[in-house]
Amino acid sequence: KRRMKKLIILLVFIFMSGIFVWAKDYTLKDCFEAAMHNDYSLSIINDEIGKRVLERRDVASVYYPVIGAIGNIQYKSEVPTLDLSSLGMGGGTTELGTNFTYSFSINMNQIIFDGFSRKYALLLSENSLNQELQKKTLREDVINQTILQLAYSYTLSTLNIETLTTSIKRLGFNLDQVKLFFDQGFSSELDLLDVQSKLKELEQEKLNLESGRRKILLQVSELTGIFDLDKLTIPEEYLELLNPDNLHGIEDKLEANGELVLFDFTQRKIELKKKIDEASFYPHVSGTGGVHYGLPGTNFMGTDWQLYFTAGLKVQFTLWEGGRRTSLLNRDDLSLNQNIKNRESYMRSIYFDTIRKLDELVSLKDQRKESLDIYNLRKKKYELIGKLWKAGQKSTMDILSSEQELTEADIKEKRLRIQYLSLYQQILFNINEPMWKK
């Protein structure tokens, strides 16, 4: 048991070491592609697309000729007899037909006219297939958008960690200075404790950010199935601060929104179903034909095998079905109205969501400009206070306060930048023009 326990521990250690050694960086495109293969919903949609392709073939085959074969052998213990004397042919009787009868047929039935049901059924099956293809495209876009937003969160965490690392280095230098001043009697132990305490706070905050960044990578791993993900690299084009002026007239582009396109497919589906329901009450005409070979054939009194042909025209027309036609058409109209209302409701929602985001984007652009100015001013202030502090004209608390202001300004500027990038991509997603499609 002890040997087995040691072996398990060794295997776990080797496995964890392997993950660390073989972990590698993945690009955003790598994650997009991996997530496509890993997503169960997308796999289900692909199965549904396969079903729609088969359904389309099935609809088309309904209107091909239906050919069938029938064979029948029958025995009758008694057959009709005819009294010959009644025909003036002397006495006696004769059997009409045979005890065994045989019939073999090949029949064909062909729909000639069905009120255009075939035409609308084919269009409906094509619409259903295109609707599933649109669902697939939309699902792929949702997956990519989810990963992209996680990538922005990961990038923000990385930038903040870099900021804190720089801040820790500055405070480390300041701590060395305080120690030097303390040894020379120019600083108190309180100054030393203040800097050390601030360093610990920053290190704790950095650890928290690193933990949050690992959680983001785990979320990406869950979506992509990539379990050796150590670092996520986002392409430069996704970090470019695009001008919000490029988004003017965006309201007109909302018609291309993926969800709205699905509503349009649903609208078309209901319209075609209504056409099929209307066509079901038109006369249905079909032609029939057959080749038959049997005993006794067309003459039930015959005793010889006979080959013969049949042909016919069948017309079927529904006169009354208890108000079913009116009920069907009314139901179709209600479904149409319901879909229109749902579409309008979603359109209103996506419209105001996009307008709000566009307004926020413009505001973020202005905020970021101000934030960058604040950062540069605080950087100059920190450098100036640093010089005065070394000259003994500023206290340790002054330098700590200035350093904290500089760090906060740096973090805020980076946060506004990533928020801007994220929001811009959300707007592009709403109008179905995400960057990965370009």
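Is Lys 414 buried or exposed, at 10% relative accessibility? Select Lys 414: it counts as buried (under 20% relative accessible area; exposed is over 50%, partly exposed in between, with a 1.4 Å probe and protein chains only).

This is a predicted model, where local features need pLDDT of at least 70, side-chain atom pairs count only at pLDDT 80 or more, and totals for chains, interfaces and linings use all residues. Residues are numbered from 1 along each chain as its sequence is written, and side-chain values use heavy atoms, without hydrogens and water.

**Salt bridges**

Asp 410 is buried at 13%.

Next, pick Glu 405 and Lys 381. They form a salt bridge at 3.1 Å, N to O. Glu 405 is in helix H8 and Lys 381 in helix H7 (residues 324-390), 24 residues apart.

Now go to Asp 39 and Arg 139, bridged at 2.8 Å, N to O. Asp 39 sits in the loop between H2 and H3 and Arg 139 in helix H4, so the pair ties together parts 100 residues apart in sequence. Asp 39 is buried at 12%; Arg 139 is partly exposed at 25%. The structure holds 20 salt bridges.

**Two helices**

Show H3 (residues 40-61) and H4 (residues 117-184). They pack at about 170°, axes 9 Å apart (axes are lines fitted to C-alpha atoms over the stretch in contact; angles run from 0 to 180 degrees between N-to-C directions). H3 and H4 are therefore roughly antiparallel (over 145 degrees).

**Rings**

Select Phe 32 and Trp 436. Their ring centres are 5.7 Å apart and their planes at 70°, so the pair is edge-to-face (centres within 6.5 Å, using the six-membered ring of Trp; planes over 60 degrees apart are edge-to-face, under 30 stacked, the rest tilted). Phe 32 is buried at 9%, and Trp 436 is buried at 18%.

Move to Tyr 102 and Trp 305. This aromatic pair is stacked: 5.2 Å between centres, 25° between planes.

Last stop: Arg 170 lies over the face of Tyr 382, 5.5 Å from the ring centre (CZ of Arg or NZ of Lys within 6 Å of the centre and within 35 degrees of the ring normal).

Definitions and conventions. Helix = DSSP H or I, 4+ residues; strand = E, 2+ residues; numbered from the N terminus. Parallel < 35°, antiparallel > 145°, perpendicular 65-115°, else oblique. Salt bridge = Lys/Arg side-chain N within 4 Å of Asp/Glu carboxyl O.
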